[in-house]
Amino acid sequence: MIHVCSLSRLHDTVDQAGAAHVITLITEGTEVERPAAIAPHQHLYLAMNDIAEPLPGMTPPGADHIETLIGYIESWDRADPIVIHCWAGISRSTAAAFTTMCLLYPEADEYRLAHRLRRLSPTATPNPRIVALADQLLGRSGRMIDAVRQIGRGAMAFEGTPFQFTLEDDTP
C-alpha cells in the first residue's frame, strides 16, 4: 500500500499505516525527523524545490532525482507499506505517487491512473517537472504529462488530506 501525506502528517501516517519505508521530497535544509519505525536505509530523502522551471537559487527536480526515486521504488519489496510525502502533500508527493503508479502498473492507461489520483486526492496537483521527467524515464511518450494536464489543478488547499491506494487493486 502506498500512502501520501504532508510533512506535518508524516509521523501519524507512518504509525497508522505500519509503514516501513518513507520517501521525502522536500526543499533542502528542511528539517525532517525520520519516524522511529523507519530505518535510515529505508528513508529516501530527495532535496528539491517545488518548481516547474529552474529559478536562481533553487533546486529544480532533476533527472537524477527521478532516477533515484524509480530505483528506490523498484527495490521496494512491497511487503510493508510506503509513505511518500512533501511539505504540503499536494505537488511533489502526488507527482511521485503518480510516477509510482505508472511504474508499478506499466500496462495501465496513464489517464485512468491520473483520474484515480484525482479521486483519491481532490487537492492533488502533481509537480509538472517531476511528471515530465518520469514520463521520459518510463518511456510513456508524453502520456503522463497529458494525463496530469487533463485532471488539471486540484482544489486549493494549504495542506492535502492524506490518502492511500492499494497495490492489489485490479482497477488502477
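Which side chain meets that of arginine 140 in a salt bridge? I looked this up before anything else.

**Entry: ground rules.** I am working on a predicted model, where local features need pLDDT of at least 70, side-chain atom pairs count only at pLDDT 80 or more, and totals for chains, interfaces and linings use all residues. Residues are numbered from 1 along each chain as its sequence is written, and side-chain values use heavy atoms, with hydrogens and water left out.

**Entry: salt bridges.** I took a salt bridge as a side-chain nitrogen of Lys or Arg within 4 Å of a carboxyl oxygen of Asp or Glu. With that rule I count 3 salt bridges. The partner of arginine 140 is glutamate 110, at 2.7 Å from N to O. Arginine 140 sits in the loop between helix 5 (128-137) and helix 6 (143-151), and glutamate 110 in helix 4 (residues 110-120), so the pair ties together parts that are 30 residues apart in sequence. Helices here are DSSP runs of H or I with at least four residues, strands are runs of E with at least two, and both are numbered from the N terminus.

I then checked exposure, with buried meaning under 20% relative accessible area, exposed over 50%, and partly exposed in between (1.4 Å probe, protein chains only). Arginine 140 counts as buried because its relative accessibility is 4%. Glutamate 110 is buried too, at 3%.

Glutamate 110 also forms a salt bridge with arginine 143, at 2.9 Å from N to O. Arginine 143 belongs to helix 6 and glutamate 110 to helix 4, so this pair ties together parts that are 33 residues apart in sequence. Arginine 143 is partly exposed, with a relative accessible area of 32%.

I found another salt bridge between arginine 149 and aspartate 146, at 3.5 Å from N to O. These two residues both lie in helix 6, 3 residues apart, about one turn of the helix. Arginine 149 is exposed at 62%, and aspartate 146 is partly exposed at 36%. Through shared partners, salt bridges join Glu110, Arg140 and Arg143 into one network.

**Entry: strand 4.** Next I looked at strand 4 (residues 82-86), where 5 of 5 residues are buried. In a regular strand the side chains alternate between the two faces of the sheet. I listed both faces here: Ile82, Ile84 and Cys86 are on one side, Val83 and His85 on the other, and all are buried.

For pairing I required at least two DSSP bridges between two strands. Strand 1 (residues 2-6) runs parallel to strand 4 and is joined to it by 5 bridges; histidine 3 has valine 83 as its bridge partner. Strand 2 (residues 21-26) also pairs with strand 4 in the parallel sense, over 4 bridges, with isoleucine 23 opposite isoleucine 84.

**Entry: cores.** I defined a nonpolar core as buried Ala, Val, Leu, Ile, Met, Phe, Trp, Tyr and Cys residues joined through side-chain atoms within 4.5 Å. The largest has 39 residues, and Ile23, Leu25 and Phe98 have the most contacts inside it. Helix 3 (residues 92-104) gives the largest share, 8 residues. Apart from this core lies another of 11 residues, including Cys5 and Val22.
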